[in-house]
Amino acid sequence: MELKPAALPNGFGQSRGSEHEVWLSADKLRVIKATHAGEFGRKFGPDRFATLDEYLERIRLLNDEFAVGWQIEGVCGEGRSRRIITSQPAFHGKPPTLAEIRQFMLERGFVFHRTRFGDAWFRVEDGLLVSDAEPKNAVVTAKGLMPFDFLIARPKQELLKAAQIG
């Protein structure tokens, strides 16, 4: 995928998490996220940092599975200061409970696994694995639970075996 140049919003982000610096758009309708310099988010497994391709795949899978509306705006910086700029709708609501997340995942056919790499949800039919399914990464809106920042991937068999999933 060809990434077009994009600019960071002015000023410091309103919040900073382990993966992104975050701004609310001027119209308050979208959340703008920039990966930390030289990083492309996290992933499940022993190697906790994602590659650029894994991060872009995560965005695609999260949109396909949960209709998040996460858009890739572009890239800024070069080399070790490279950052990916994305945006999502600004979801309004309250953080879900772990029980609400559990019900949401079970309704979608995922099975819970406690692994050496952390808790994860796996669906055998299509090989989707979801991790970091925590209240800080979702919101309960008027339309239901929205998992705006769960980690999602189609891991290789070797990783599933190492995590004792499957």
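The side chain of Glu19 makes a polar contact with the side chain of Arg58 at 2.6 Å. A polar contact is a pair of N or O atoms within 3.5 Å; within protein, one must be able to donate a hydrogen and the other to accept it, and residues adjacent in sequence count only if both atoms are side-chain atoms. A polar atom of the Glu19 side chain also lies 2.6 Å from the backbone nitrogen of Arg42. Glu19 belongs to the loop between β1 and β2. Helices (H or I, at least four residues) and strands (E, at least two) are DSSP runs, numbered from the N terminus.

This is a predicted model, in which local features need pLDDT of at least 70 and side-chain atom pairs count only at pLDDT 80 or more, while totals for chains, interfaces and linings use all residues. Residues are numbered from 1 along each chain as its sequence is written, and side-chain values use heavy atoms, with hydrogens and water left out.

Not counting residues up to four places away in sequence, Glu19 touches Ala34, Thr35, His36, Gly41, Arg42, Arg58, Asp149 and Leu151; contact means heavy atoms within 4.5 Å.

**The sheet and its helix**

Five strands form an open, antiparallel sheet in the order β1-β2-β3-β5-β4. Two strands pair if DSSP finds at least two bridges between them. The edges are held by β1 (15–16) and β4 (71–76), each with a single partner strand, so one side of each has no neighbour in the sheet. The pairing of β4 with β5 (residues 83–89) is antiparallel and runs over five bridges. Within it, Cys76 stands opposite Arg83 in β5. Helix α1 (residues 52–66) packs on the sheet and touches β2 (20–24), β3 (30–35), β4 and β5; its direction makes about 5° with that of β5. Axes are lines fitted to C-alpha atoms, for helices over the stretch in contact, and angles run from 0 to 180 degrees between N-to-C directions.

**The largest pocket**

The largest pocket holds about 660 Å³ of space. Its lining has 33 residues, of which Lys33, Lys136, Asn137, Phe148 and Asp149 lie nearest its centre. The elements that give two or more residues to this lining are β1, β2, β3, β5 and β7 (118–123). On a 1 Å grid over the protein atoms alone, a pocket is an open set of points where a 1.4 Å probe fits, with protein on both sides within 12 Å along at least five of seven lines; lining residues have an atom within 4 Å of a point. Grid points are joined across faces, edges and corners, and a volume is the space filled by probe spheres set on the points.

**Accessibility of selected residues**

Buried means under 20% relative accessible area, exposed over 50%, and partly exposed in between (1.4 Å probe, protein chains only).

| Residue | Relative accessible area and class |
|---|---|
| Glu19 | 6%, buried |
| Thr141 | 18%, buried |
| Asp132 | 26%, partly exposed |
| Lys28 | 53%, exposed |
| Gly11 | 55%, exposed |

Lys28, in the loop between β2 and β3, has a positive phi of about 65° although it is not a glycine. Asp132, in the loop between β8 (128–131) and β9 (139–141), likewise has a positive phi, of about 55°, without being a glycine. Thr141 is located in strand β9, and its side chain reaches the backbone nitrogen of Lys143 at 3.1 Å. Gly11 lies in the segment before β1. From C-alpha to C-alpha, Gly11 and Leu160 are 41 Å apart in space and 149 residues apart in sequence.
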